[in-house]
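Colleague: I'm new to this one. Can you walk me through it?
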Amino acid sequence: MKKNMSIHSTENSAFLINSFRDKNTILALAEKIAMESKKLPHDLYMMEVCGGHTHTLMKYGLTKLLPKNIHCIHGPGCPVCIMPKNRINQAYEIAMQKDVILLTLGDMLKVPGSKGSLQHARSLGAEIGFLYSPLQAIEVAQKNPNKKVVYFAIGFETTTPMTAALLQKAIELKINNLFFHINHVLVPPPLYAILDSKDTKVNSLIAPSHVSVITGSKIYEPIFEKYQIPIVVSGFEPVDMMQSILMLVQQVTNNTPKLEIQYSRVVNTNGNLKAQKLVKTFMETREEFQWRGLGNIPYSALRLKKEFAKYDAELIFDSILSKENIQDNRACRCGDILRGIAKPLDCKVFGKSCTPQNPLGSCMVSSEGACAAYYKYGYTN
């Protein structure tokens, strides 16, 4: 009986997923968008903030279904892509210290810093591992009591609660050899920077879904109040995205800009209050943080609170960490792509000297990067 229940459960899950990828539904939505777009008073420049949304657009060819007056602009919502070289260098420097094990997420291993990637450091003998879940760091620390285990934590509001939960668990278990290099960033601050920029064309937003599960849609309310542009929190599936685009178009044609939630099966206004409280227990906002392509954005990232200083790798290793900001490779346009003023095909090295096997910039490294999406799904001209 249990076996049959499992089979039915799998079949139901597949049916649910397939319904959000149904060809006929996608084409029907595309037709509605095409009809509504004829009434647009101006071109719609939508920024899909999240790299996951960019990959959905590319994978399912959704951009090819949109009329010419609707433009997709790729945003800075890829946590690996926005990491500046000086933070990569700090991870490299920590990893190269004696009796240190550095742990991070897999995409970070190949991101180039000015001293090399973490993958390069590992080839030189540094102990570097990647995690599927931050909580795996507990086991590594317990098995290596005589080493300093450093978790290089990255991500937007989606992954921050897991880092907080990891620290909470380490304190409960009295693990004293686990340290944190915090690189968690926030979604709203870079959006203000982009929308305030003189060279932006963005006049509507497709807001991230996983981030919004944690934060709730309320984090976009001040953005809407300031700029009065259409904002829709969208799910990741192709039907989700096409429905979200239709909602944006209808807001403009009806002259009723608002903040809407398309992904209502998961996202609400207030978000996960328990996760938010957990983060606030252990972390606070930094005064400044350097973003790749966007420069220094005040109050755009998090750090550990002072009462948890003994777990803070930035303090423990402060004397050996480089602090200077480092420019990206001049041939790479990753920074312009993250600011929404260029696309991968505008970069002269895309698909030539810059490939996933030999990435010059982080947008080609990350599984959520725009360049990686264009390359993977064959958008080469």
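Modeller: Here is a walk from the overall build to the strands, a helix and some charged pairs.

Modeller: This is a predicted model, where local features need pLDDT of at least 70, side-chain atom pairs count only at pLDDT 80 or more, and totals for chains, interfaces and linings use all residues. Residues are numbered from 1 along each chain as its sequence is written, and side-chain values use heavy atoms, with hydrogens and water left out.

Colleague: OK, how many helices and strands does the protein have?
Modeller: There are 16 helices and 13 strands. Both are DSSP runs numbered from the N terminus: helices are H or I with at least four residues, strands are E with at least two.

Colleague: And what does the C-alpha trace span along its principal axes?
Modeller: About 65 × 60 × 40 Å. The radius of gyration is 21 Å, which agrees with the value near 21 Å for a compact globule with 381 residues. That radius is taken over C-alpha atoms, and the globule rule is 2.2 Å times the number of residues to the power 0.38.

Colleague: How much of the protein counts as buried?
Modeller: 54% of the 381 residues. Buried means under 20% relative accessible area, exposed over 50%, and partly exposed in between, using a 1.4 Å probe and protein chains only. As for contacts (heavy atoms within 4.5 Å), residues 24 or more positions apart account for 77% of those with a separation of 6 or more.

Colleague: On to sheets. In what order do the four strands of the open sheet come?
Modeller: The order is β4-β3-β5-β6, with parallel pairing. β4 (127-131) and β6 (178-184) stand at the edges with a single partner strand each, so one side of each has no neighbour in the sheet. From one strand to the next, the twist averages 20°. For that angle, axes are lines fitted to C-alpha atoms (for helices, over the stretch in contact), and angles run from 0 to 180 degrees between N-to-C directions.

Colleague: How many bridges join β3 to β5?
Modeller: Four bridges join β3 (residues 100-105) to β5 (residues 148-155). L103 has Y151 as its bridge partner in β5. Two strands pair if DSSP finds at least two bridges between them.

Colleague: What about β7, are its faces covered or open?
Modeller: Both faces are covered: S204 and I206 are buried on one side, L205 and A207 on the other. In a regular strand, side chains alternate between the two faces of the sheet. β7 pairs in the parallel sense with β1 (residues 44-50) over three bridges, and with β8 (residues 231-233) over three bridges, also in the parallel sense. L205 stands opposite M47 and opposite I231 in β8.

Colleague: Switching to helices: is α11 largely enclosed or open?
Modeller: Largely enclosed, because 13 of its 16 residues are buried. α11 (residues 238-253) should span 22 Å at 1.5 Å a residue, and its end C-alpha atoms are 23 Å apart, which agrees. The expected span is 1.5 Å times one less than the number of residues. Just after α11, N255 takes a positive phi of about 55°.

Colleague: And E93, which residues does it touch?
Modeller: Leaving out residues up to four places away in sequence, E93 touches K115, I320, L321 and S322. E93 sits in helix α4 (residues 85-95) and is buried, with a relative accessible area of 6%.

Colleague: Now charges. How many salt bridges does the structure hold?
Modeller: It holds 15. Each is a side-chain nitrogen of Lys or Arg within 4 Å of a carboxyl oxygen of Asp or Glu. One of them joins K226 and D196, with the closest N and O atoms 3.4 Å apart. K226 lies in α10 (residues 221-227) and D196 in α8 (residues 188-196), so the pair ties together parts 30 residues apart in sequence.

Colleague: What's the N to O distance between E284 and R303?
Modeller: 3.1 Å, in a salt bridge between their side chains. E284 is in β10 (residues 283-285) and R303 in β13 (residues 302-304), so this pair ties together parts 19 residues apart in sequence.

Colleague: Which residues do shared partners join into one network?
Modeller: D199, R333, D336 and R339. Within that group, R339 and D199 form a salt bridge, with the closest N and O atoms 3.6 Å apart. That pair links distant parts of the chain, 140 residues apart.
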